[in-house]
Amino acid sequence: MMVLPNGATININYHEPRRIIKLPLDLSLLSEAERKSRIEKRKPKQKIRIEDDVEDTFNANKYLKYMKKK
């Protein structure tokens, strides 16, 4: 099945087995706002880095009394 940019579908024979082939959209036929939004969607997404500053107040000496000596 081939899907045209306007949403119409056509059944065709293709050399590789595929379910849906989608044709590219002609950007020259779109309005300026639609063209900008389509081009913006094509750009790669920026990965957001989240740095966590965790304050560690663990004191191992506090738990030494629970350790068994061999």
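Does Y14 count as buried, exposed or partly exposed, and at what relative accessibility? Y14 counts as partly exposed because its relative accessibility is 40%; buried means under 20% relative accessible area, exposed over 50%, partly exposed in between (1.4 Å probe, protein chains only).

This is a predicted model: local features need pLDDT of at least 70, side-chain atom pairs count only at pLDDT 80 or more, and totals for chains, interfaces and linings use all residues. Residues are numbered from 1 along each chain as its sequence is written, and side-chain values use heavy atoms, leaving out hydrogens and water.

Y14 sits in the loop between strand 2 (9-10) and strand 3. Strands are DSSP E runs of at least two residues, helices H or I runs of at least four, numbered from the N terminus. With I10 and I12, Y14 makes a nonpolar surface patch of about 250 Å². Like charges are joined within 9 Å, nonpolar side chains within 5 Å. Areas come from the Shrake-Rupley method with a 1.4 Å probe.

A positive surface patch gathers K22, R38, K41, R42 and K45. Helix 1 (residues 32-42) gives its largest share, 3 residues. K22 lies in strand 3 (residues 21-22).

| Residue | Relative accessibility | Class |
|---|---|---|
| Y14 | 40% | partly exposed |
| K22 | 70% | exposed |

The open sheet has 3 strands, order 2-1-3, mixed pairing. Strand 2 and strand 3 are its edges, each pairing on one side only. Pairing needs at least two DSSP bridges. Strand 1 (residues 2-3) pairs antiparallel with strand 2 over 2 bridges. V3 has T9 of strand 2 as bridge partner.

How values were computed: Patches are made of residues with over 30% relative accessible area and no salt bridge: like charges are joined within 9 Å, nonpolar side chains (Val, Leu, Ile, Met, Phe, Trp, Tyr) within 5 Å. A salt bridge is a side-chain nitrogen of Lys or Arg within 4 Å of a carboxyl oxygen of Asp or Glu. Lys and Arg count as positive and Asp and Glu as negative; His and the chain ends are not counted. The place of a charge is taken as NZ of Lys, CZ of Arg, CG of Asp or CD of Glu.
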